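Subject: Structure for your files

Hello,

Here is the structure for you to open alongside this message. My notes on it follow below.

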Amino acid sequence: MISPFARVSALVFAALCGLAVALPAASRQISDDPLAVFLAAPGDDFLITGATVFSGDEAAPSVQDVLIRDGRIVEVADVGTVIVGEGVKRVEGSGKSLIPGFVGMHNHLHMPGAPFMGDVAARLYLAAGVTTIQTAGSADPIGELRLARQVERGTAPGPRIMASAPYVTGPDGNPPMDKPASADAARRFVDEWADRGVNTIKLYRHTDPDIAATIIEQAHRRGLRVTGHLCSVTYAEAAEMGIDGLEHGLHPASDMVEDKPRGACVPSLDAKAALDVDSPQIDALIETLVSHDVELTSTLAILESRFPHRPQADDRTLTLLAPHLAEASRARAEAMAEIETSLSTSPAYWTLLLAFERRFVEAGGRLLAGPDTGRHVLPGFGDQRNFELLREAGFSTSQTIIIMSRNGAHALGLDKETGRIAPGYLADLILVDGDIDADPSAIREVEIVFRAGQAFDPQRLMKGLEGQVGLP
Ligand SMILES: [Zn+2]
């Protein structure tokens with residue numbers, strides 16, 4: 001389902017790559033570079049030696065040297081065999097893991113109460129190893145587009161940003177979202193935002209099925225991707241309409257509700273939570289999604305936050321949250337410890353959500369990942385939590401990296417540019433201090449994030465952000 005979008009992303013990407021080529025490291029004036037303060041070292045020529053390389057495909061990891069020149073990976077070879085010229089900086093990688101930068105597919109630049117926190121969020125994403133994001137719904141699309149261009153030009157730190165149009169919903173939906181009331185209005189909405197340069201339209205829970213179908217058709221005509229956090233439209237209906245992606249795994253699916261009136265958003269949790277992952281309804285749903293090539297975005301970090309038996313905010317998160325949000329988070333965790341578990345917040349339902357994603361992949365489905373920021377789930381930290389949770393769901397380290405990098409790149413039409421460690425690819429890389437295979441939580445120990453060969457220092461990116469996340 002990438003072809004409609006490939007053209008647009010190629011344009012966006014051409015601009016990015018052009019920048020990297022136009023400004024070789026040698027000619028870049030460090031003092032003039034607004035990103036210099038965030039870098040571990042200047043330039044975009046590096047040799048990373050002796051790291052355990054997870055290449056972003058099924059192959060087993062191996063210890064190798066990786067040469068980066070002018071922002072791209074030019075060689076991946078046995079340790080000690082790469083011949084480097086002058087001006088190439090060596091980065092010691094032994095005992096460390098090197099993986100492709102994450103391509104986050106549900107990575108907002110807003111949180112409830114903070115309609116645009118792009119400057120802070122972009123730094124956090126990059127610090128955590130996220131080198132490309134699709135925002136998957138925007139509360140401030142103009143702000144997103146502006147920041148996307150600043151990142152492209154190298155005047156703001158952050159991942160490359162694929163911006164979204166305003167959310168689309170129906171008459172019962174939240175006020176800031178767009179509610180096209182006719183097919184004509186729906187087509188105008190798509191055209192207007194396509195012209196402005198977004199790549200994605202996100203359908204939200206109350207969208208009318210006929211409006212949804214019109215938007216998908218027009219979006220594909222304009223080369224845009226359509227994804228949904230659905231309720232009024234079932235997954236099967238959306239698949240038939242040709243939707244590209246569905247958000248939050250199984251959780252929002254209303255397909256299991258018996259006699260659901262068409263177009264009505266009705267409670268669906270109890271109809272799902274009791275199901276076994278081997279039940280015929282689950283089989284049928286997976287078969288429908290896979291046969292229609294619908295991508296599914298895993299957002300386990302945000303889903304985890306609704307389960308009382310799961311860990312809530314950790315200390316590093318509370319330190320970054322704005323004081324009023326840190327307080328709310330502590331209060332919420334205390335309240336959750338008190339409430340009685342219902343079916344839809346039960347350990348069994350959590351297990352079903354994990355198992356569904358594994359079954360979807362086993363059946364040939366393409367799983368993507370993003371944290372969905374909110375509550376205590378922060379930009380970047382949420383992506384790292386997803387890594388841990390996908391491992392907990394039973395995916396191997398290599399599979400988890402494919403889900404978090406290469407599959408997202410594929411969905412964005414960037415799979416020839418990012419998401420793998422191989423010659424010719426952009427040097428979008430995460431150097432992790434530790435063995436992420438033996439200990440998934442080592443993913444939190446990011447030492448350097450390379451984005452198109454620029455070596456960002458997470459500590460420098462995060463400096464001064466304490467208490468800043470989610471300020472209005
Ligand atoms: Zn979201």
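A contact here means that heavy atoms lie within 4.5 Å. Among contacts between residues at least 6 apart in sequence, 74% join residues at least 24 apart.

Before the rest, two notes on the source. This is a predicted model, in which local features need pLDDT of at least 70 and side-chain atom pairs count only at pLDDT 80 or more, while totals for chains, interfaces and linings use all residues. Residues are numbered from 1 along each chain as its sequence is written, and side-chain values use heavy atoms, with hydrogens and water left out.

Overall shape

The chain has 15 helices and 17 strands; these are DSSP runs numbered from the N terminus, with helices being H or I of at least four residues and strands E of at least two. The C-alpha trace spans about 70 × 50 × 45 Å along its principal axes.

Of the 472 residues, 60% count as buried. Buried means under 20% relative accessible area, exposed means over 50%, and partly exposed is in between (1.4 Å probe, protein chains only). The accessible surface comes to about 17700 Å², and 51% of this belongs to carbon and sulfur atoms. Areas come from the Shrake-Rupley method with a 1.4 Å probe; for residues, only the protein chains shown count as cover.

There are 42 positive and 63 negative side chains, and the centres of the two sets lie 5 Å apart. Lys and Arg count as positive and Asp and Glu as negative, without His or the chain ends; each charge is placed at NZ of Lys, CZ of Arg, CG of Asp or CD of Glu.

Domains

The assignment gives domain 1 (7-100 + 422-462) and domain 2 (105-411), with bounds from an automatic or database domain assignment. The contact between them takes 37 residues from domain 1 and 37 residues from domain 2. Their centres, over C-alpha atoms, are separated by 28 Å.

Helix H2 (residues 118-128) is largely enclosed by the rest of the structure, because 10 of its 11 residues are buried. Among them are Arg 123, Leu 124 and Tyr 125. Just after H2, Gly 129 takes a positive phi of about 105 degrees.

In helix H14 (residues 397-411) sits Ile 401, buried with a relative accessible area of 0%. Leaving aside residues up to four places away in sequence, Ile 401 touches Phe 54, Gly 56, Ile 99, Pro 100, Phe 387, Arg 406 and Ile 436.

Loops

Which loop holds Asp 259? Asp 259 lies between strand S12 (245-247) and helix H7 (269-273). Asp 259 is exposed, at 73% relative accessible area, and has a positive phi of about 55 degrees although it is not a glycine.

Arg 375 is in the loop between strand S14 (367-369) and helix H13 (381-392). Its phi is near 50 degrees, again positive in a residue other than glycine, and Arg 375 is partly exposed at 42%.

Gly 413 belongs to the loop between H14 and strand S15 (429-432), and is partly exposed with a relative accessible area of 23%.

Regards
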